[in-house]
Every structure is written in structure tokens, then in C-alpha cells.
Amino acid sequence: TATLVGRLVDAGHLRWDDTVGARLGPVAPEMRTEYRDANFRHLLSHRSGLPANLQLARVLSYPRQFEDARADRVRYVREALAQAPVGPRERTFEYSNSGYVVAAAMLETALGERWEALLARWVFAPLGLDSAGFGAPGRAGALEQPVGHGPGPQGALTPYRPGDPVNDNPAVLGPAGRVHMSLPDLLTYLAAHRDRTEFLKAETWAALHTAPFGGDYALGWIVRPGGELWHNGSNMLWYAEALVRPASGVIAAAAVNSAGASAAAAMALGRGVAAVEGQA
């Protein structure tokens with residue numbers, strides 16, 4: 001989502017300092033005043049003051065499968081922007097899925113297209129990420145991809161297949177974590193961030209990889225000492241990690257089809273990086 005914003009900034013459709021109030025004021029007129037001046041940098045670095053999520057019951061009330069979630073995102077941001085801030089903007093870090101939904105709603109209202117369509121056209125297609133899509137990988141009724149696993153009856157590890165009522169986050173949360181792709185395509189995406197290709201302007205790559213308000217969170221990336229870019233994520237049925245080491249040129253990714261196996265993914269990522277750097 002942050003990379004998509006960067007592409008649209010480069011194309012002149014948006015500015016980094018576009019505010020929530022200016023973009024979403026007409027659809028969320030009752031938003032709290034503390035959020036009106038928050039901009040894309042605040043939202044994408046988790047420094048807007050927004051809480052992490054809506055209450056769980058409210059999040060789960062949104063449909064899992066929905067072709068066009070724009071109306072749902074408007075309803076979601078109205079609720080999110082009515083919540084009390086967790087602290088002052090810029091000075092408070094709070095990892096907020098809601099912030100990324102708000103950013104996507106800003107894109108959708110500005111360009112009149114679904115976040116999913118924008119991401120496919122501006123990021124997936126030009127990078128050749130042919131396997132990328134939304135929701136759980138695979139097709140209903142076909143066992144062609146690994147299946148996410150989570151707790152089931154009596155706590156037993158249970159598969160949640162494509163087409164099942166529960167197999168991923170609600171569609172409204174797509175901008176915060178509902179993209180799937182193959183590991184080779186994920187490495188292609190990571191290589192673009194490592195090489196800072198012409199896919200984005202130099203200043204836009206720098207913006208994505210620099211924490212704008214201090215700390216270690218840039219725009220969609222945790223920046224580790226030495227400039228290493230890292231992130232992880234889970235929808236409670238899957239777990240994945242990705243890493244870019246610009247200094248050595250190493251990129252790495254690991255994924256597990258059970259959130260409870262996150263340690264295995266972390267160990268695999270660490271072993272793979274060590275092996276590659278040892279060969280270098």
C-alpha cells in the first residue's frame with residue numbers, strides 16, 4: 001500500500017502531505033479533529049494517533065469475500081476516525097491496520113477506483129507479479145496451493161480452505177494485509193526495493209525507506225540498524241517475513257501456512273540469509 005502511494009505521488013495523482021480531512025472530509029464529516037491534519041506519511045508510518053483496529057466484533061462484522069469493498073471502507077473509516085486517539089500525532093507510534101485502511105480510502109476517493117484495481121495496475125503489472133492476488137491463495141474446490149491453518153474445535157489445528165466462510169481477513173482490511181503471491185514474485189518485489197529501480201523516483205524510494213518522525217518504522221518497512229528493511233505479518237492462518245539487506249544485496253522471504261509456526265519461518269529466513277552471505 002505504501003509503495004502504491006509512492007507510485008501515485010510520482011504520477012502526480014497524490015501528494016505525500018494530502019490530509020485525511022481534505023480527502024475524506026466529504027465522506028466522513030464527523031471525524032475527530034485530531035485526525036484532520038494527518039497525512040499519508042503519518043498513516044503509513046503508524047504515527048497518526050489512530051488505534052490499532054476497531055473492536056474485534058466490529059472488524060469481524062465485515063464480509064470476508066467482497067468484490068468491491070469501497071463502501072465498506074468508507075463505513076470502516078467513519079468508525080475508525082471517530083475513535084479517540086491513542087496519543088499525539090507524530091510523537092505516538094501505534095501499529096495501526098486502521099491507518100492503512102484510511103490511506104486506501106483516500107486513494108479510492110481521489111482516483112475513483114478500488115484499492116485492489118489500483119494495486120494491480122500500478123504495482124503488480126509493471127513489476128511482473130503475475131501470481132499476486134487478494135484473499136487466500138488457490139481456488140474453491142481445488143487443492144492447488146498450501147492451505148492456511150488455525151485453531152479449530154477443541155484447539156486442534158484446522159485447515160481453512162479457499163471458499164470456506166473464514167479463510168482470510170475481512171475484505172475491508174485488504175490494504176493492511178490481504179495480498180498473496182508466490183515466493184519468487186515476492187523476491188521480485190523485494191529486489192525492486194533493494195535496487196531502487198526506475199519503478200519509483202529516487203526521492204520516493206528514499207521516502208519509503210526512511211522513518212519520517214523518528215524511531216524505526218518507515219513507510220511500510222521496519223528499518224533495522226545498517227539500513228536493513230524487514231517486515232512480518234499474519235492473518236492468524238499464515239505467517240510471513242521479508243527482508244532486504246542493501247549493504248550485502250541479500251533479499252529473503254519465508255512463509256508458513258500456520259500462524260503458530262512463525263518461529264519456523266523466522267529460523268528459515270535467518271538460515272537462508274546466513275547461507276547466502278557465507279557464499280558471498
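A salt bridge is a side-chain nitrogen of Lys or Arg within 4 Å of a carboxyl oxygen of Asp or Glu. Arginine 75 forms one with aspartate 72, and the closest N and O atoms lie 2.0 Å apart. The model examined here is predicted: local features need pLDDT of at least 70, side-chain atom pairs count only at pLDDT 80 or more, and totals for chains, interfaces and linings use all residues. Residues are numbered from 1 along each chain as its sequence is written, and side-chain values use heavy atoms, with hydrogens and water left out.

Helices (H or I, at least four residues) and strands (E, at least two) are DSSP runs, numbered from the N terminus. Arginine 75 and aspartate 72 both belong to helix α6, residues 70-80. They are 3 residues apart, so about one helical turn separates them. An α-helix has 3.6 residues a turn, so residues three or four places apart point the same way. The two partners can also be described by their exposure. Buried means under 20% relative accessible area, exposed means over 50%, and partly exposed lies in between (1.4 Å probe, protein chains only). Arginine 75 is partly exposed at 42%. Aspartate 72 is buried at 5%.

The side chains of arginine 73 and glutamate 108 meet at 2.5 Å, N to O. This pair links distant parts of the chain, with arginine 73 in α6 and glutamate 108 in helix α7 (residues 97-111), 35 residues apart. Arginine 73 and glutamate 108 are both buried. The buried residues of α6 are Asp72, Arg73, Val74, Tyr76, Val77 and Ala80. Their cover includes α2 (20-24), α3 (33-36), α7, α8 (115-127) and α9 (174-177).

A search of the whole structure finds 14 salt bridges. One of them joins the side chains of arginine 194 and aspartate 195 at 2.7 Å, N to O. Arginine 194 is partly exposed, with a relative accessible area of 27%. Aspartate 195 is also partly exposed, at 44%. Elsewhere, salt bridges with shared partners join Arg15, Asp17, Asp18 and Arg23 into one network.

Threonine 19 lies in the loop between α1 (2-10) and α2. Contact means heavy atoms within 4.5 Å. Not counting residues up to four places away in sequence, threonine 19 touches Arg36, Asp37, Ala38, Asn39 and Met106. The C-alpha atoms of threonine 19 and leucine 107 are separated by 11 Å, although these residues are 88 residues apart along the chain. The threonine 19 side chain also reaches the backbone nitrogen of alanine 22 at 3.1 Å.

Aromatic rings were examined next. Rings of Phe, Tyr and Trp (its six-membered ring) pair if their centres lie within 6.5 Å; planes under 30 degrees apart count as stacked, over 60 as edge-to-face and the rest as tilted. The structure holds 6 aromatic pairs. The rings of phenylalanine 124 and phenylalanine 134 have centres 5.7 Å apart and planes at 35°, so this pair is tilted. Phenylalanine 124 lies in helix α8 and phenylalanine 134 in strand β1 (residues 133-134), so the pair ties together parts that are 10 residues apart in sequence. Phenylalanine 124 is buried at 7% relative accessibility, whereas phenylalanine 134 is partly exposed at 30%. The rings of phenylalanine 199 and tryptophan 205 are tilted too, with centres 6.3 Å apart and planes at 40°. Both of these residues, phenylalanine 199 and tryptophan 205, are buried. Ring pairs also link Phe93, Tyr95 and Tyr217 into a cluster.

Leucine 119 lies in helix α8 and is buried, with a relative accessible area of 5%. Leaving aside neighbours within four places in sequence, leucine 119 is in contact with Leu4, Phe124, Phe134 and Val179.

The strands complete the description. Two strands pair if DSSP finds at least two bridges between them. Strand β7 (residues 239-245) is mostly covered, with 5 of its 7 residues buried. Strand β6 (residues 229-234) pairs with β7 in the antiparallel sense over 6 bridges. Here tryptophan 230 stands opposite leucine 243 in β7. The two strands β6 and β7 form a hairpin with 4 residues between them, and methionine 236 in the turn has a positive phi of about 75°. Strand β8 (residues 250-256) runs antiparallel to β7, joined to it by 7 bridges. Alanine 242 stands opposite alanine 253 in β8. The hairpin of β7 and β8 has 4 residues between the strands, and glycine 249 takes a positive phi near 85°.

Key. Polar contact = N/O pair within 3.5 Å; in protein donor to acceptor, adjacent residues only side chain to side chain.
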